[in-house]
Amino acid sequence: MTTATNAPATPVVTVTDDTFAAEVLDERLPVLVDFTASWCPPCRMIEPVLAELATEEAGRLKIVRLDVDTSPRTRAAYGVLSMPTLVLFRGGERVTTLVGARSKARLLRDLGDGLD
């Protein structure tokens, strides 16, 4: 049995080439972008970590997902070659780039000062 809540079905927002600027570059909060692909096993491994982090850090950090196959312009603009690539933006500027899946503890450690 499930109960209704006010929480969205997924705390991670999907962005595209067309919505990237509004959802990421114009956002007042820091934004962690997950450059991902449906065919990428490590990308699927990090999805629950990002969902958990998005829920825990709501109001402090926004997490979005961008499919590199359906949004090639943004992938190319940021030179993303491997998936998953996680890019932290603050005030529309790239602060940190991380490549590869990782645990929540390691992700938080690797993001470090970018979240403060």
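Trainee: Why is Glu56 called partly exposed?

Mentor: The relative accessible area of Glu56 is 44%. Buried means under 20%, exposed over 50%, and partly exposed in between (1.4 Å probe, protein chains only). The value falls in between, so Glu56 is partly exposed. Bear in mind that the model is predicted: local features need pLDDT of at least 70, side-chain atom pairs count only at pLDDT 80 or more, and totals for chains, interfaces and linings use all residues. Residues are numbered from 1 along each chain as its sequence is written, and side-chain values use heavy atoms, leaving out hydrogens and water.

Trainee: What makes the pair of Lys104 and Glu56 a salt bridge?

Mentor: The closest N and O atoms are 2.8 Å apart. The rule is a side-chain nitrogen of Lys or Arg within 4 Å of a carboxyl oxygen of Asp or Glu. The pair meets that rule, so Lys104 and Glu56 form a salt bridge. Lys104 sits in helix H4 and Glu56 in helix H2, so the bridge ties parts 48 residues apart in sequence. Helices (H or I, at least four residues) and strands (E, at least two) are DSSP runs, numbered from the N terminus. Lys104 is partly exposed, at 23% relative accessibility.

Trainee: How many salt bridges does the whole structure hold?

Mentor: The search finds 9. One of them joins Glu23 to Lys62, with the closest N and O atoms 2.5 Å apart. Glu23 is in helix H1 (residues 20–25) and Lys62 in strand E3, so parts 39 residues apart in sequence are tied together.

Trainee: Are Glu23 and Lys62 buried, partly exposed or exposed?

Mentor: They get separate labels. Glu23 has 27% relative accessibility, so Glu23 is partly exposed. Lys62 has a relative accessible area of 15%, so Lys62 is buried. Lys62 also meets Glu27 in a salt bridge, at 3.3 Å from N to O. Glu27 is in the loop between H1 and E2, 35 residues from Lys62.

Trainee: What makes E2 and E4 a pair?

Mentor: Two strands pair if DSSP finds at least two bridges between them. E2 and E4 have 5, in the antiparallel sense, so they pair. Within E4, Thr85 is the bridge partner of Phe35. E4 also pairs antiparallel with strand E5 (residues 93–99), over 6 bridges.

Trainee: What lies between E4 and E5?

Mentor: A hairpin turn with 2 residues between the strands. Gly91 in that turn has a positive phi of about 60°.

Trainee: Why is E4 called largely enclosed?

Mentor: Of the 6 residues of E4 (residues 85–90), 5 are buried, so the rest of the structure largely encloses the strand.

Trainee: Which strands stand at the edges of the sheet, and why?

Mentor: The open sheet has 5 strands in the order E1-E3-E2-E4-E5, with mixed pairing. E1 (13–15) and E5 each have a single partner strand, so one side of each lacks a neighbour in the sheet. The twist averages 30° from one strand to the next. Helix H2 (residues 41–56) packs on this sheet, touching E2, E3 (62–67) and E4.

Trainee: How do H2 and H4 pack, and what is the handedness of their crossing?

Mentor: They pack at about 60°, with axes 10 Å apart. Axes are lines fitted to C-alpha atoms, for helices over the stretch in contact; angles run from 0 to 180 degrees between N-to-C directions. The crossing is right-handed.

Note on methods. Contact = heavy atoms within 4.5 Å. Left-handed = near helix turned anticlockwise from the far one by under 90°.
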